[in-house]
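This report describes selected features of the structure shown below.

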Amino acid sequence: MTAPKEAWITGIGIISSLGEGLDAHWDALNARRINIDEKRFAPYMVHPLAPVSFDAQIPKKGDQRQMEAWQRIGTYAAGLALDSAGLKGNQEILGRMDMIVAAGGGERDVPVDLAILQAYIKGNAGPAFLNERLMNDLRPTLFLAQLSNLLAGNIAIVHGVSGTSRTFMGEEAASIDAARIALARIESGQSDIALIGAAHNGERTDLLILYEFGDFNLKDKFEPVWARDQRGGFALGSAGVFLVLESREHAEARGAKPYARLSKVVADLAQRKQPGAVTKSLDRLWSKLGVADNGALITGATGVEPVTSEEKAFLREHPGTAVRGTGTSFGHTLETQFPLGVALAALSISKGALFPPNDPTGLEVELSRQPSQIVVMGVGHWQGEGMALVEAIK
Amino acid sequence: MTAPRDTFGRPIVVVTGMGIVTSLGAGKSDNWKKLTAGESGIRTVTRFPIDGLRSTMAGTVDFVTVDPPSSTALTERLADMATEEALEQAGIGSRGDFPGPLFLAVAPVEVEWPQRIEVGLAVGKSDLGVEDVLRISGGGKYAAYHHRFMFGSVAGHLAEKFGTKGSPISLSTACASGATAIQLGVEAIRRGETDAALCVATDGSVNPEAVIRFSLLSALSTQNIPPQGASKPFSKNRDGFVMAEGAGTLVLESYQAAVARGATILGVVAGCGELTDSFHRTRSSPDGKPIIGCVNKTLVDAGMTPEQIDHINAHGTATPENDKMEYLGISAVFGERAKQIPVSSNKSMIGHTISAAGAVEAIISLLTLEHQRIPPTINYDVPDPAIPFDVVPNKARDARVTAVMSNSFGFGGQNASLILTREPV
């Protein structure tokens, strides 16, 4: 076996409730800004997408019309990442670029669903009723706007990323695995350059219903993620994050400027029926990272119980680590939470500082020195967990 | 003894276990018998009312039922069945302890109509709004529906049941998903991360809304009567694909590990390739370049030339577009041989098993290698003169087959191909 190749993060694209682009996010994090809408879906709350002009990255209105909001968010963020890596329009590289997208699905046509349910409740729904309504009321293009792999499809069409295209599904773990596989392929020489990321539209009532089935929604009053002890729950957030990952040789050959190195991504699936299984799994994952600078950790902790308490138990084993929970500032963005953490880690490494704590409980502490390594952690709200190590380039 | 590495120095990846479920039946033996007899598994749908549908037939797996019924639960059950068969054959690891990762091709998941209606009826007021549904959704009564309708639910179940290692990967590359699952397994073994991988592809999603969604895209055949005649790959009167269900599981191992434990080697995954088409959401680039590139990448990955391929297990969906483009792509790479090489579409008999198709058809390709017999393309009565493939019309054919190319193309510009051989090349 030859030595694994180094993988650099050379492009970052990010849009969220806090704005668009790296500078806006750095400023918002340093100002401890939180954009939460407690009225629109009350008693539930959401971190809504900041205003964005999609034309800037998706110039054709026809393309925008073919997409649901989550696809527009993702295609936009992918464009930002390619811009940031200096690759926009570089057909030679885009034509052989590998892509792994972590995706859920698109929004249902809720008024159509409600009208159908109303007929069932009134007893007006005969055996053929559902077929008739769906045949007449579903927009033909809605299917493609909902289909998981069509975020990647739209990125290929709009930006020309057309080497390979894979879509991973499975909530939070999907994007951890996307990063893990992309890194493994680059390290082993199976890939030179990859675009990875995810997008989430949190402003969806159909998602609120789905998560309410499991009592996962935060209700009534917003609290920072570490202060939700009793009630638990997450506030959904809208965000799109994409990263360009490439081998050091490839980046150097084209003169690309790296933000940071992605050194390790590890993941597992704890059997959560056993209390403490997640804490133990995180311990094992941590030991695989080879952390030398036990200084900083960015987690996508959901705030959901009991798993957030298991995360806290793990964090207590690493006292002095400067922890940052992205859930407070961004809400929970499912598949997007892990690439968001990696993006903020790479940004912090490139800035030579970790952004400040935003936590009244004291779990998050200041980091006064320059971090050389930042661990990124993702623990799914119901299954899956993983970590990444983001490092300064030597 | 063959070297454990291929000409590129990578570990050779072999198949040591296979399991299959289609509308024709459960298991390799039943499926192979019916496929080579030219039997169709397509029938008029009885699972739900077909009133008002433009397409009323499908390759449903009606001999498997799940309670409470949902497409995701059926998808999971089909995967269980195929995986049990594959593990039984491979004899690897021990029960509930598979020594490698899981790569699962599975359809996207969402809450389905029976459950949506159940919750709606529980609201009990006819002018209901979202807030009414939300008010009764919590409290644990419907907690099982959260788990059931998470995208990672089938993979989570399989990982626990079969004891695969690490984080299981659920993936979708639309109709190429099954091939992508195999490709991910091959890559992991070639990287030396693992000696074994469990590659599963499953689809049990024939439900009213799924049929209607494809129907609204004009993708489905509407030749409902007789249902067995609907799927007509490469025929002039083809008019769309037929939705179908099924599952396929392959146990992949490094050649070295398989030999070391004395496993029977069923075949070799000699090459994998994929290339994205960025032309359109549902249509191929008219110049066929992405398909041509995908096929060429696969040949390069296998270190083979077109002359070494002696059978193509086609994507062959029977949509006017796919079959035309597949011929264009194959003929560009294979030249005059495109007219001589036997090209068969299993979808003529089992329909399009969507997320499962790439793995189901890879398994049929491996069975073709094992039995030296090519399953036919049935319903081939009106050849399309624009597609002069030798489609192995209507009757199975004995043939010397050493290397099969299996193609999968999907919405969203997904193209993936595999090359399967009997022996290491």
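In chain A, A:Glu172, A:Ser175, A:Ile176 and A:Ala179 of helix 9 meet A:Gln337, A:Phe338, A:Pro339 and A:Val342 of helix 15; residues are in contact if their C-beta atoms, placed from the backbone, lie within 7 Å. By class, this contact of helix 9 with helix 15 of chain A has five nonpolar, two polar and one charged residues. Nonpolar means Ala, Val, Leu, Ile, Met, Phe, Trp, Tyr, Cys and Pro, charged means Asp, Glu, Lys and Arg, and the others, Gly among them, are polar.

The model is predicted: local features need pLDDT of at least 70 and side-chain atom pairs pLDDT 80 or more, while totals for chains, interfaces and linings use all residues. Residues are numbered from 1 along each chain as its sequence is written, with chains lettered from A and ligands numbered from 1 in the order in which they are written.

Helices (H or I, at least four residues) and strands (E, at least two) are DSSP runs, numbered from the N terminus.

Eight of the nine residues of helix 10 (residues 205-213) of chain A are buried, so this helix is largely enclosed by the rest of the structure. Buried means that 20 or more other C-beta atoms, placed from the backbone, lie within 10 Å of the residue's own. The cover over these buried residues includes the following elements.

| Chain | Covering elements of helix 10 of chain A |
|---|---|
| Chain A | helix 5 (110-122), strand 7 (236-237) |
| Chain B | helix 4, helix 5 |

Between the chains, 66 residues of chain B are in contact with 67 residues of chain A. The side of chain B that touches chain A divides into 29 nonpolar, 25 polar and 12 charged residues.

Key
Two residues are in contact if their C-beta atoms, placed from the backbone, lie within 7 Å. A residue is buried if 20 or more other C-beta atoms lie within 10 Å of its own, exposed if 12 or fewer, and partly exposed in between; C-beta atoms are placed from the backbone.
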